Amino acid sequence: MHSGLARRGVLFVLSSPSGAGKSTIARLLLENDSDISMSVSVTTRPMRPGEVDGRDYHFVDVPRFKAMVEAGELMEWAHVFDHRYGTPKAPVNDMLAAGRDVLFDIDWQGAQQLYQQSGADVVRVFILPPSVEELGRRLAMRGTDDQAVIEARMARAASEISHWDGYDYVVVNDDVQGCFAQVLTVLNAERLRRSRQTGLIGFARKLVTPPAES
Ligand code: 5GP
């Protein structure tokens with residue numbers, strides 16, 4: 001799939017209202033593509049059953065989070081559902097320096113901040129549920145939060161969805177495999193953008209330089 005030429009890494013942002021299937025798509029990307037790594041966010045929200053500190057999030061308290069903001073350790077951060085969430089800067093820079101692409105599961109506020117900082121390298125993909133009924137069904141099936149939280153998220157989904165036009169791509173998730181295939185197509189096409197192919201100048205120059213005379 002890849003030309004093997006040096007290129008700039010893609011900062012690949014996936015956003016969606018909760019329940020649109022984003023975490024499944026993110027997991028499929030990480031399992032099926034060896035060139036992309038996940039950015040693990042810090043959050044002040046409590047850990048849910050089944051979550052692992054350091055894998056799903058770095059779970060921190062509010063003073064620690066504020067200290068990270070003060071120290072300039074976060075690339076972006078925002079309040080989402082009454083808790084703070086942010087992207088640690090150092091791991092992202094390390095992954096990019098190692099020639100990898102980075103996957104971000106962040107909300108529209110994070111996407112906006114990332115775009116303001118790293119514009120040309122950021123690709124923003126928004127995933128929509130096929131209908132409001134399906135969104136409600138998926139949220140109710142989760143069972144990880146109480147009813148009040150689910151209802152708050154339904155309300156929040158409406159405002160989250162209104163930010164769809166701040167994204168480069170919008171994909172409807174009515175079928176997980178189909179949606180995943182579309183997201184992967186976007187990622188691979190963006191990898192091939194000429195502006196990211198830093199190795200292209202040297203490569204093309206060699207192709208047009210006549211062989212040295214012997
Ligand atoms: P959850 O609490 O369900 O894991 O995530 C709630 C929302 O916070 C999701 O929409 C997720 O994309 C967003 N989120 C997670 N990490 C970050 C982050 O580092 N920055 C921002 N801006 N949003 C985040």
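**The sheet at a glance**

Five strands make up an open sheet, ordered β2-β7-β1-β8-β9, and the pairing is parallel. Strands here (E, at least two residues) and helices (H or I, at least four residues) are DSSP runs numbered from the N terminus, and two strands pair if DSSP finds at least two bridges between them. β2 (36–38) and β9 (169–172) sit at the edges with a single partner strand each, so one side of each has no neighbour in the sheet. On average, neighbouring strands of this sheet are turned by 25° against each other, direction ignored. Those angles are taken between N-to-C directions on a scale from 0 to 180 degrees, using axes fitted to C-alpha atoms, for helices over the stretch in contact.

Keep in mind that this is a predicted model: local features need pLDDT of at least 70, side-chain atom pairs count only at pLDDT 80 or more, and totals for chains, interfaces and linings use all residues. Residues are numbered from 1 along each chain as its sequence is written, and side-chain values use heavy atoms, with hydrogens and water left out.

**The whole chain**

- Taken along the principal axes, the C-alpha atoms fill a box of roughly 80 × 40 × 30 Å.
- Of the 214 residues in the chain, 42% are buried; that means under 20% relative accessible area, while exposed means over 50% and partly exposed lies in between (1.4 Å probe, protein chains only).
- The accessible surface comes to about 11,600 Å², and 54% of that belongs to carbon and sulfur atoms. Areas come from the Shrake-Rupley method with a 1.4 Å probe, and for residues only the protein chains shown count as cover.
- Take the contacts (heavy atoms within 4.5 Å) between residues at least 6 apart in sequence: 70% of them join residues at least 24 apart.

**How the strands pair up**

- β2 pairs with β7 (residues 101–105) in the parallel sense, over three bridges. Met38 stands opposite Leu103 in β7.
- β1 and β8 run parallel and are joined by five bridges. Here Val13 stands opposite Arg124 in β8.
- β8 also pairs with β9 in the parallel sense, over four bridges. Ile127 has Val171 in β9 as its bridge partner.

**What covers the sheet**

- How many residues of β8 are buried? Seven of its seven are, so to speak, under cover.
- Both faces of β8 are covered: Val122, Arg124, Phe126 and Leu128 are buried on one side, and Val123, Val125 and Ile127 on the other.
- Helix α7 (residues 176–191) lies across β1 (11–15), β2, β7, β8 (122–128) and β9, and runs at about 160° to β9.
- In helix α4 (residues 108–118), the buried residues include Gln109, Gly110, Ala111 and Leu114. The buried residues of α4 pack against β1, β5 (74–80), β7, β8 and α6.

**Aromatic rings**

- Searching the whole structure turns up four aromatic pairs. Rings of Phe, Tyr and Trp (its six-membered ring) pair if their centres lie within 6.5 Å; planes under 30 degrees apart count as stacked, over 60 as edge-to-face and the rest as tilted.
- Tyr57 and Phe59 form an edge-to-face pair, 5.7 Å centre to centre with 65° between the planes. Both partners are buried: Tyr57 has 17% relative accessibility, and Phe59 has a relative accessible area of 18%.
- Phe126 and Tyr167 form a tilted pair, 4.8 Å centre to centre with 50° between the planes. This pair links distant parts of the chain, 41 residues apart: Phe126 is in strand β8, and Tyr167 is in the loop between α6 (147–161) and β9.
- Phe126 counts as buried at 0% relative accessibility, and Tyr167 is buried at 9%.
- Tyr57, Phe59 and Tyr85 form one aromatic cluster.
- Arg124 lies over the face of Tyr115, 3.8 Å from the ring centre. A charge sits over a ring if NZ of Lys or CZ of Arg is within 6 Å of the ring centre and within 35 degrees of the ring normal.

- Ser16 has its place in the loop between β1 and α1 (22–32). Ser16 is buried, with a relative accessible area of 5%.
- Leaving out residues up to four places away in sequence, Ser16 touches Lys22, Phe126, Ile127 and Glu160.
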